[in-house]
Protein chains: 2
Amino acid sequence: MFEARLQEVQTAVQAELDAAIARLPEGGLRDAMAYAAQGGKRLRAFLVLESAALFGISEAQALPAAAAVEALHAYSLVHDDMPCMDDDDLRRGLPTVHVKWDEAMAVLVGDALQTLAFDLCCTPSLGPAERRIELVAALARASGAEGMVLGQALDIAAESAPTPLTLPEITRLQAGKTGALIRFSAEAGAILAGTDRAPLATYADALGLAFQIADDILDVEGDEAATGKRVGKDADAGKATFVSLLGLDAAKSRAAELVEAAESALAPYGAAAQNLRDAARFVIARRN
Amino acid sequence: MFEARLQEVQTAVQAELDAAIARLPEGGLRDAMAYAAQGGKRLRAFLVLESAALFGISEAQALPAAAAVEALHAYSLVHDDMPCMDDDDLRRGLPTVHVKWDEAMAVLVGDALQTLAFDLCCTPSLGPAERRIELVAALARASGAEGMVLGQALDIAAESAPTPLTLPEITRLQAGKTGALIRFSAEAGAILAGTDRAPLATYADALGLAFQIADDILDVEGDEAATGKRVGKDADAGKATFVSLLGLDAAKSRAAELVEAAESALAPYGAAAQNLRDAARFVIARRN
């Protein structure tokens, strides 16, 4: 059920992203943007569409916001994979942009995908201007120097720090690097509906942390063919992770507790939130 | 008169940018953003504030839009200066971000300054949500894969092309790389006022092209101490420029014609547009 729904989301958001990119002037930049914007789990898009559905907002209406958050996420991956950052040559099973093209193209593709994300938030079908400007502001707060980019900067700084990060430090890092955009995605429906975001924020914060812990577990236990990226990288680099700080068993327990907390936060929405509950189960059961 | 006005704009927009950056979480990323956002001519901010003034929009009201375009411009410079792009070690007379920090910081500072630009466009004091979302959409179109970033990509591609660019190609490149953001800046007042942008677009397109031709002239005739960047770089790299394509004298004539065209476009605004007329004169008379 959940995986079928995720598959539907993947198809719909890919079509929306492809259409947005197809409207850009043709050429190498557009080709590389399309390449970087393909594939992925589309968990963030799923959260946007499912939170929108809670408030009776149709998929057709909410799709530009789902595509926006995926464009934003894709930009962060392209920049994060660059040699001066995490230096990854494989992403979603394919060569990264700086490998397939070059570093200059990776900088520009990331830059243009970020811009596209904000442009998509302006799409008139999303609703009244008041809601759309709120969406832009929330996306900016989630993705910039108080959210995702801050998390990336803390992550890079940790690499050259004399001692590994502590649990509070790595929790703050995660809250920025992956948590903020997951929170934005889950709140998007409430933003578009102009209603209280608090239950969705609680859900998303637990989900986001569980997601990161699961990522750290996959880095230890994962299968390169399934994850589409190199495995054991964090451990090789001597990076502190939730697994290195908590131990593998405690990390798994903590992720499971967080999934329960995420599910509980959805109580106000009743049965309508079943897909979101299933998503929380999925993040710790996934193999990629 | 014009230079005194530009100086006022510099002071006001710097204060607005500093205040916006000071609201971000403290740390190395914020410090590097503040560093990258200092200095510069602030011509784009000037255009925002002067075009706003044409429609009775106060400086206090329009300042967040002026700061937004300067944050956007600053991001583009940080990324453009990186080794994989133009590889500049000096900007505005100071070491570039990747020299003073490192390449990872340059990627992140640029990313976060772009986000900040869109965040600033959401500032409630700019006016009704309808105007602000229009501003966001216009900034996205001007700065992304159909504007500035496209121009950058064409510029990078030209470096490895077998033959130098032709005049139509370099004109298209410039229209993206510097022209689109200058047009956005000049249109910003009309966007905030919800009125016809056409005369300001005509003004800005002529101004932007004159500005780029003047830049190419400065690359040949400029003084490193005054420009704060290396001189003769384009010629050394065998890059086509307006000077290499037209010759120095014809480039100067063309720039002068464009300044007249820019001035003529302002006729509908009468005496209120005097500062904008003076700006057009300034771009071809400047020494940096």
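How many salt bridges does the rule find across the interface of chain A and chain B? The rule finds 0 there, a salt bridge being a side-chain nitrogen of Lys or Arg within 4 Å of a carboxyl oxygen of Asp or Glu.

This is a predicted model, in which local features need pLDDT of at least 70, side-chain atom pairs count only at pLDDT 80 or more, and totals for chains, interfaces and linings use all residues. Residues are numbered from 1 along each chain as its sequence is written, chains are lettered from A and ligands numbered from 1 in the order in which they are written, and side-chain values use heavy atoms, leaving out hydrogens and water.

**View 1. Chain A superposed on chain B.** A rotation of 180° with 0.0 Å of shift along its axis does this, at RMSD 0.0 Å (least squares on C-alpha atoms of residues with pLDDT of at least 70 in both copies). That is the relation of a two-fold axis.

**View 2. The contact between chain A and chain B.** 38 residues of chain A touch 38 residues of chain B (heavy atoms within 4.5 Å). The copies meet through the same surface, because 100% of the interface residues of chain A are also interface residues in chain B.

**View 3. The area buried between chain A and chain B.** About 3400 Å² is buried, with 77% from carbon and sulfur atoms (accessible area, 1.4 Å probe, lost on putting the two parts together, summed over both). A:Leu108, A:Thr115 and A:Ile133 supply 17% of the area that chain A buries against chain B, more than any other three residues.
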